[in-house]
Amino acid sequence: MQSAKVDETITVAHQIEPEDVAAIRDAGFVAIVNNRPDNEAPDQPSGAEIEAAARAAGLAYAALPVGRDGIGPDLVDGFRTVLDGAGGPVFAFCRTGTRSINLWALSQAGARDADELVRLAADAGYDLSGLRPVLSRMTQAG
């Protein structure tokens, strides 16, 4: 399981397996966010399998799949709602973590500085410099 801690509230990761969920719980996470649509690849576990493992482990679970339509306001709001209500660290995943880190940054824009978001993402191994103008506009509007 490949993951990257962004800050104390969020870690993003590549695709996880149901058997990874206990280790996620044991690492102190309280919620899992699935940002990958089902059936994107033939070898990925279904969201229902991950959800069942999360519930069995006592973790909250949210499915916010980012598909061909990209990231819209509903997904951003949903991600923010999960983070705000989690009461602890959240573990978000997709195929490579890229959709999760983008969704996290967009959910934080307005509340956090765009440069800080881009820097935190870079420290976690993700380049969000191309998203900086959008994050800046959202910060100014927020």
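Colleague: In this predicted model, which residues does I10 touch, leaving aside those up to four places away in sequence?

Modeller: Contact here means heavy atoms within 4.5 Å, and by that rule I10 touches K5, F79, L83, V90, A92 and W104. I10 also belongs to the largest nonpolar core, which has 32 residues, and I10 is among those that touch the most other members, together with V6, V33, F79, I101, W104 and L135.

Colleague: Which helices and strands each supply at least two residues of this core?

Modeller: They are the strands β1 (3–7), β2 (10–13), β3 (31–34) and β5 (90–93), along with the helices α3 (73–86), α4 (98–108) and α5 (114–123). Apart from this core lies another, of 14 residues, including V21, A53, L59 and F93. As a general background, nonpolar side chains tend to be buried together in soluble globular proteins.

Colleague: Why are α4 and α5 called roughly antiparallel?

Modeller: Their axes come within 10 Å and cross at roughly 155°, and since angles over 145 degrees count as roughly antiparallel, α4 and α5 are therefore described in that way. The crossing of these two helices is right-handed.

Colleague: Which residues meet where α4 and α5 are in contact?

Modeller: From α4 come I101, W104, A105 and Q108, and they meet L117, L120 and A121 of α5. Sorted by kind, the residues of this contact are six nonpolar, one polar and no charged.

Colleague: What makes α4 a mostly covered helix?

Modeller: Ten of the eleven residues of α4 are buried, where buried means under 20% relative accessible area. The buried residues of α4 are R99, S100, I101, N102, L103, W104, A105, L106, S107 and Q108. After α4 comes G110, which has a positive phi near 100°.

Colleague: How do you know whether A114 is buried or exposed?

Modeller: A114, which is found in helix α5, has a relative accessibility of 3%, and because the cut-off for buried is under 20%, A114 counts as buried.

Colleague: And what makes N39 count as buried or exposed?

Modeller: N39 sits in the loop between β3 and α2 (47–56), and its relative accessibility is 74%; because exposed means over 50%, N39 counts as exposed.

Key. Residues are numbered from 1 along each chain as its sequence is written. This is a predicted model: local features need pLDDT of at least 70, side-chain atom pairs count only at pLDDT 80 or more; totals for chains, interfaces and linings use all residues. Side-chain values use heavy atoms; hydrogens and water are left out. A nonpolar core is a set of buried Ala, Val, Leu, Ile, Met, Phe, Trp, Tyr and Cys residues joined through side-chain atoms within 4.5 Å. Buried means under 20% relative accessible area, exposed over 50%, partly exposed in between (1.4 Å probe, protein chains only). Helices (H or I, at least four residues) and strands (E, at least two) are DSSP runs, numbered from the N terminus. Axes are lines fitted to C-alpha atoms, for helices over the stretch in contact, and angles run from 0 to 180 degrees between N-to-C directions. Angles under 35 degrees count as roughly parallel, over 145 as roughly antiparallel, 65 to 115 as roughly perpendicular and the rest as oblique. A crossing is left-handed if the near helix is turned anticlockwise from the far one by less than a right angle, and right-handed if clockwise. Ala, Val, Leu, Ile, Met, Phe, Trp, Tyr, Cys and Pro count as nonpolar, Asp, Glu, Lys and Arg as charged, and the others, Gly among them, as polar.
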